[in-house]
Amino acid sequence: MYLYDTFTGLDENYSEEVERNVIGNAYDNIENWHENVVERFSRFSRVKVIKGVVPEVLLEETPAQIAFLHLDLNAAAAEATALEVLFDRISVGGIVLMDDYGRSENFVLHMSLSKWMNDHGHTVLEMLTGQEMVIKRR
Ligand SMILES: C[S@@+](CC[C@H](N)C(=O)[O-])C[C@H]1O[C@@H](n2cnc3c(N)ncnc32)[C@H](O)[C@@H]1O
């Protein structure tokens, strides 16, 4: 499992002001955030916690093949560009799960990911949880 986060909140280059406003200051002043997550997963040898900005950090360290991709960045530009980098590596039958897709306050995300999947010929299953699931086809 590869886990990516800035550990400083949304990145200005890959989010819109309206998205940063929805999140507000939820990520300000989280003490030892990165260190605590690294510690939490330290007993799992197959988990990598990687600090950096998506999508840039994905060019540094990513698996060659992906079975399950979970995106939960609350930032449309970050998620769409992550799909650009990662989607080809998802195995046929692999799953993309995107959080917050169906939540009205995340309309920028909804519009952007709907367009991305539509442009790439994929059908989106919107779930009651507000998430979106796509099963990769050939
Ligand atoms: C809603 S939280 C989800 C965190 C995690 N999935 C969880 O459930 O605990 C959104 C996370 O996305 C991170 N984030 C937002 N934009 C990012 C970007 N461009 N690159 C890396 N992380 C980002 C934030 O720092 C925040 O921790």
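Me: Which residues have the most contacts inside the largest nonpolar core?

Reply: A nonpolar core is a set of buried Ala, Val, Leu, Ile, Met, Phe, Trp, Tyr and Cys residues joined through C-beta atoms within 7 Å, and a residue is buried if 20 or more other C-beta atoms lie within 10 Å of its own, exposed if 12 or fewer, and partly exposed in between, with C-beta atoms placed from the backbone. Here the largest such core has 20 residues, and Val54, Ala75, Ala78 and Leu113 have the most contacts inside it. This is a predicted model, in which local features need pLDDT of at least 70 and side-chain atom pairs count only at pLDDT 80 or more, while totals for chains, interfaces and linings use all residues. Residues are numbered from 1 along each chain as its sequence is written.

Me: Which residues of H4 are buried?

Reply: Helices (H or I, at least four residues) are DSSP runs, numbered from the N terminus. In H4, the buried residues are Leu109, His110, Leu113, Trp116 and Met117; seen down the helix axis, they fall within an arc of 140° (taken from the directions from the axis to the C-beta atoms), so they line one face. The face turned away from them carries the exposed residues Met111, Lys115, Asn118 and Asp119.

Me: Why does Phe87 count as partly exposed?

Reply: Phe87 counts as partly exposed because it has 18 C-beta neighbours inside 10 Å. Phe87 sits in the loop between H3 and S4, and its C-alpha atom is separated by 23 Å from that of Glu16, 71 residues apart along the chain.

Key. Helices (H or I, at least four residues) and strands (E, at least two) are DSSP runs, numbered from the N terminus.
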